Amino acid sequence: MKKGTLLYEGKAKQLFQTDDPEVIWVEYLNQATALNGAKKDQINGKGELNNQITSLIFDFLASKGIKNHFIKRLSATEQLIQSVEIIPLEVVVRNVAAGSFSKRLAIPEGTALKKPIVEFYYKNDALDDPMIIDDHIRFLEIATGEELAILRQMALEVDQALIELFDSMAIQLIDFKLEFGRQKDDTILLADEISPDTCRLWDKKTQEHLDKDIYRRDLGDIIPVYQEVLNRLEKRGE
């Protein structure tokens, strides 16, 4: 497999062509961003940690029967994924009130929700990724009603699998963001990444943050925190 032309550069990753049109070469970057890119820094080691964490989590989800685009990890910062057309939605699943949810609805952080809540956000940086409802999504022709049902179901399946995974690591899954993509036959796969960049994770004993809120809220250095998540993942697999 050969690394080819740069296809896309985002906030945290670069995507490259390969000699197989159905396979993409991903390189994780050391860039940290928050507040829709308003805050940005280079943090050595971040890309390596997110690549390794995401690789282990996607392997775990595959073992639970959840279809995703991950093929294999190539190096500390690189992996191969299946080529998909990304659906321009961020699918957020919330188990505990935190972040914008708490601010928007005046619910104290840490309040457990009676059942998981699924929210959709329109992936559009120029609009600051606004939250949208099903009717908006159909109007914009982002996804059909049938596809929305699939996205919700898959998001809840991922939620249950991740709760199991993180619970075994003494970590509470507060909320997380997912992205999905379509293959050429319109099969929907879980895509993007799952890491402390995309999840809120709290230590079950201390309630300390093990996620990007450390960076977002200027609480300290994220590298030791992300390393702790990786260490617990690797220990679980032993």
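Author: The face of α6 turned away from its buried side carries Pro-224 and Lys-235, both exposed. The model is a predicted one, and that applies to everything below.

Helix α6 runs over residues 222–236. At the N-terminal end the helix is capped by Asp-221, which places a side-chain oxygen 3.0 Å from the backbone nitrogen of Ile-223.

The buried residues of α6 are Ile-222, Val-225, Tyr-226, Val-229, Leu-230, Arg-232 and Leu-233. Viewed down the axis of α6, they fall within an arc of 160°, and therefore line one face of the helix. The cover over these buried residues includes three helices, α1 (46–63), α4 (145–167) and α5 (213–216). Strands β12 (171–182) and β14 (199–203) are also part of that cover.

One of these covering elements, α4, can be described in the same terms. Helix α4 has 23 residues and reaches 33 Å from its first C-alpha to its last, close to the 33 Å expected at 1.5 Å a residue. Its buried residues are Glu-147, Leu-148, Leu-151, Met-154, Ala-155, Val-158, Asp-159, Ala-161, Leu-162, Leu-165 and Phe-166.

Thr-198 counts as buried because its relative accessibility is 10%, under the 20% cut-off. Leaving aside residues up to four places away in sequence, Thr-198 touches Asp-175, Phe-176, Lys-177 and Glu-193.

On the scale of the chain, there is a division into domain 1 (3–82) and domain 2 (85–220). The C-alpha centres of the two domains lie 18 Å apart. In the contact between them, 27 residues of domain 1 meet 26 residues of domain 2. Domain 1 and domain 2 bury about 2,300 Å² between them, with 57% of it on carbon and sulfur atoms. Within domain 1, the residues that lose the most area to domain 2 are Asn-36, Lys-39 and Ile-57, which together make up 21% of what that side buries.

Methods:
Residues are numbered from 1 along each chain as its sequence is written. This is a predicted model: local features need pLDDT of at least 70, side-chain atom pairs count only at pLDDT 80 or more; totals for chains, interfaces and linings use all residues. Side-chain values use heavy atoms; hydrogens and water are left out. Helices (H or I, at least four residues) and strands (E, at least two) are DSSP runs, numbered from the N terminus. The expected span of a helix is 1.5 Å times one less than its number of residues. Buried means under 20% relative accessible area, exposed over 50%, partly exposed in between (1.4 Å probe, protein chains only). The arc is that of the directions from the helix axis to the C-beta atoms. Contact means heavy atoms within 4.5 Å. A polar contact is a pair of N or O atoms within 3.5 Å; within protein, one must be able to donate a hydrogen and the other to accept it, and residues adjacent in sequence count only if both atoms are side-chain atoms. Domain bounds come from an automatic or database domain assignment. Buried area is the accessible area (1.4 Å probe) that two parts lose on being put together, summed over both.
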